Amino acid sequence: MGNESILDRMETPADLRRLTPAELEQLAAELRSVILETVSRNGGHLSSSLGTVELTLALHLVFNTPKDCLIWDVGHQAYSHKLLTGRRNLFRKLRQTDGCSGFQSRIESPQYDVIGGGHAGTAISAALGLEVAARRRGDDARAVAIVGDGSLNCGISLEGLNSVEESGAPLVIVLNDNRMSIDHNVGALPSYLNRIISGRAYGHFKALAKTMLRKVPDLYRSVQKIEEATKSVFLPGGLFEELGIRYLGPVNGHSIPDLVRLLSAARDSRRPVIVHVITEKGHGYAPAAEAPERYHGVPPFDPALGLRGSGRMTFSRAFGETLTELAETHSELAAITAAMASGTGLTGFAERFPERFFDVGIAEEHAVVFASGLAAGGMHPVAAIYSTFMQRAFDPIYHDVCLQNLPVILALDRAGMVEDGPTHHGIYDLAFLRAMPNLTISPRRMKMNCGRCCIGRWR
Ligand SMILES: Cc1ncc(C[n+]2csc(CCOP(=O)(O)OP(=O)(O)O)c2C)c(N)n1
């Protein structure tokens, strides 16, 4: 075998199933090196894709792709999936004309990317739809949703989870938990997941206690009854169990044998299952593992030197600095972001005014309705959201801000054409916002004292 590239020999994921454990490890290293080399040349999403290499291999080993479908939430972590599904040549031109999209794409691979992505929170609902349709066709094809801990917070993900049990479909959800969104994760759900992970010590203690109690059968039976009754409190994943979804994990997301074992159990389960996989964002490239938020989406850079700060003044930076300055004199001014604090230039504001800064996670609808509540309560909220993601909040802008005629400022970043392609272009905002009543649209200019609903839009 020597130094021959295994990746070059891969034609379809079926080839994977003939590899030895050592060859799979070598393939994981090769995938990481191709991803790093390509992204550092073309720009793209780096740390998320480096973290999912072993998970991707294990998924293609356990599931019968392409008959079984893998639906990656957002799709920015699916570079290994692309490389293993016949797109090696396209991948060389990642995010370039005639090259690979940065996300899953139906146009690019109707077989392996059955539903495309780009906006967060869609995988669970899409995979559930595929599962239900397959059962209806009388087909045993499976659909697997792979969702990050950040995207699990999305309204759509939670709506999807709410429907799983009732659908009767044995959906497999893989929760790829790297404890990060783009920035650090926020909210109650990530804290819950962290408690599960750190609760492993409790598991060891429980096993020891059980061994000792077995020596006193009556006492053991009583403890079992109590445990059964309180299982949602003590057992890891009790929240999911309560929703009718069997919880498996947590499992080391960089161990292929462990992943294969747990994913096989999930595949064979008759009930819906969530497999809690712990990965490290940026795994295998030290600068990205140490600063995963900086390496989430990157411009071209030299991997030997790592990313260098450009020091360039951008609209986002100017916006963040101006807002922070205004907040010094406007004590009721508040800033809201939907998981894009650094992208919208708000990290300085968050440090200076933590009590007036709200990162609500990937929840654009909630961000806008929350802003309307703050405004009705006498505050001056500014919700800074990328143009493309503001599409999620079409109705809250209409129903909760404009119809109420509340003084909310919506600051739209990345308007116009952007490098991430059609899922991310900010080209519809003027079209849908011009239809809103009571709304002032001011391209590139913010009127802090206008006392009305107001949109600032810039790129
Ligand atoms: C609706 C929407 N809002 C914001 C984004 C921007 N965005 C892309 S990836 C990401 C973080 C996703 O976190 P997670 O699901 O945990 O995946 P990870 O990158 O950590 O693997 C965000 C906020 C998006 N894609 N879609």
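A charge sits over a ring if NZ of Lys or CZ of Arg is within 6 Å of the ring centre and within 35 degrees of the ring normal. In this predicted model, Arg356 lies over the face of Phe353, 4.4 Å from the ring centre. The briefing covers the aromatic pairs, then the ligand site.

**Aromatic pairs**

- The structure holds 10 aromatic pairs. One of them joins Tyr285 and Phe301, which are tilted at 45° between the planes, with 6.4 Å centre to centre.
- Tyr285 is in the loop between β6 (273-278) and α16 (286-290), and Phe301 is in the loop between β7 (297-298) and α17 (315-329), so this pair ties together parts 16 residues apart in sequence.
- Tyr285 is buried, at 8% relative accessible area, and Phe301 also counts as buried, at 11%.
- Phe349 and Phe353 form a tilted pair, with ring centres 5.4 Å apart and planes at 55°. Both Phe349 and Phe353 are buried.
- Tyr192, Phe240 and Tyr247 are linked into a cluster by ring pairs.

**Ligand shell**

- There are 21 residues around the ligand, and Ser48, His76, Gly150, Ser151 and Glu364 come nearest.
- By class, the shell consists of 7 nonpolar, 10 polar and 4 charged residues.
- Helix α8 (residues 149-152) gives the most to this shell, with 3 residues.

**Polar contacts and cover**

- An oxygen atom of the ligand lies 2.8 Å from a polar side-chain atom of Ser48.
- A nitrogen atom of the ligand lies 2.9 Å from a backbone N or O atom of Ala120.
- In Asp149, a side-chain N or O atom is 3.1 Å from an oxygen atom of the ligand.
- On its own the ligand has 580 Å² of accessible area, of which the protein covers 98%.

Methods:
Residues numbered from 1 in each chain as written. Predicted model: local features only at pLDDT ≥ 70, side-chain atom pairs only at ≥ 80, totals over all residues. Heavy atoms only, no water. Phe/Tyr/Trp six-rings, centres within 6.5 Å; stacked < 30°, edge-to-face > 60°. Helix = DSSP H or I, 4+ residues; strand = E, 2+ residues; numbered from the N terminus. Buried < 20%, exposed > 50% of the residue type's maximum accessible area, 1.4 Å probe, protein only. Near = heavy atom within 4 Å. Polar contact = N/O pair within 3.5 Å; in protein donor to acceptor, adjacent residues only side chain to side chain. Areas by Shrake-Rupley, 256 points an atom, 1.4 Å probe, with all protein chains shown as cover. Nonpolar A, V, L, I, M, F, W, Y, C, P; charged D, E, K, R; others polar.
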